[in-house]
Amino acid sequence: MRALSYAYLAAIFAFIFLPVVVLVLFSFQAGRLPVPPFDGPSLKWYAEVLSDRDLMAALRNSLFVALISSTIALTLGFLAAQGLARVHLPGSVIMRGLLIAPMTVSYLIIALGLLSMFNVIGVRPSLWATGVGHVVINLPLCFAILFAAMGDHQKNAERAARDLGASEWQVTTLVTAPMLKPALLAAFFLSVTFSWDEFIIAFLLTRFDVTLPVEIWSMLRSGLSPETNAIGSLVFLVSIAILIILELTVFRKPKP
């Protein structure tokens, strides 16, 4: 029975990580096609990626959009969660539902709606338009995470701070935000991840300055290449490194 459990666990991990292993392995392919037999190892395609101006520009664009849109989404989501968690308003249930509703809508529908709205008001496709779209899809996520993390113990701490003479700004920055630090960080980095990987909104709302997923899609139109494997491997390794650093620093539980 135990052997069957281990086999099942190994099958799950193989199903999850085998595509990533293949991606990384064939990024070191010396030939022009990332298919067996393996011909390498070679760092040729990593050098190609790092010297590709279009890819590097797309990488910078993705970082810019992800960081700015995630910061805005986190700020708005925090303020909305703080307001609806601490103040009982008529129709607050409906307000929460409306805030979370974009999570249930296809990104294609959101992108088409934003594209139509921008055409009406005269906003051209750009990285800023893409950033607005990413705020739309990430704000509900931030709101849901932060609203769920706000409990009565935080409300009591906020009340005690007010009784001691703290202003609302001091309560928010010195009491509420520090107590919600894990939830804030989780919401922010999840938003960055979703923005970083998002393709449909970025494809429809950009024109000349594109994000990394759109640039990779453009490369794939000409066929498979170890260069796409190399850029995918770099993105994956950077993501894993950030996750490990956060796990060892921010999310590490203090020793009792």
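Trainee: By class, what's in the lining of the largest pocket?
Mentor: The lining of the largest pocket has 26 nonpolar, three polar and one charged residues, where Asp, Glu, Lys and Arg count as charged, Ala, Val, Leu, Ile, Met, Phe, Trp, Tyr, Cys and Pro as nonpolar, and the others, Gly among them, as polar. This is a predicted model, in which local features need pLDDT of at least 70, side-chain atom pairs count only at pLDDT 80 or more, and totals for chains, interfaces and linings use all residues. Residues are numbered from 1 along each chain as its sequence is written, and side-chain values use heavy atoms, with hydrogens and water left out.

Trainee: How much space lies in that largest pocket?
Mentor: The largest pocket holds about 890 Å³ of space. A pocket here is an open set of points on a 1 Å grid over the protein atoms alone, where a 1.4 Å probe fits, with protein on both sides within 12 Å along at least five of seven lines, and lining residues have an atom within 4 Å of a point.

Trainee: And which residues are closest to its centre?
Mentor: Of the 30 lining residues, T193, W196, V235, S239 and I242 are the closest to the centre of the largest pocket.

Trainee: Which helix gives the most to the lining?
Mentor: That is α12, with 11 residues, helices being DSSP runs of H or I with at least four residues, numbered from the N terminus.

Trainee: New topic: is F15 buried or exposed?
Mentor: F15, which lies in helix α1 (residues 2-26), counts as exposed because its relative accessibility is 69%; buried means under 20% relative accessible area, exposed over 50%, and partly exposed in between, with a 1.4 Å probe and protein chains only.

Trainee: What about K155?
Mentor: K155, in helix α7 (residues 152-163), counts as partly exposed, because its relative accessibility is 24%.

Note on methods. Helix = DSSP H or I, 4+ residues; strand = E, 2+ residues; numbered from the N terminus. Points joined across faces, edges and corners; volume = space filled by probe spheres on them.
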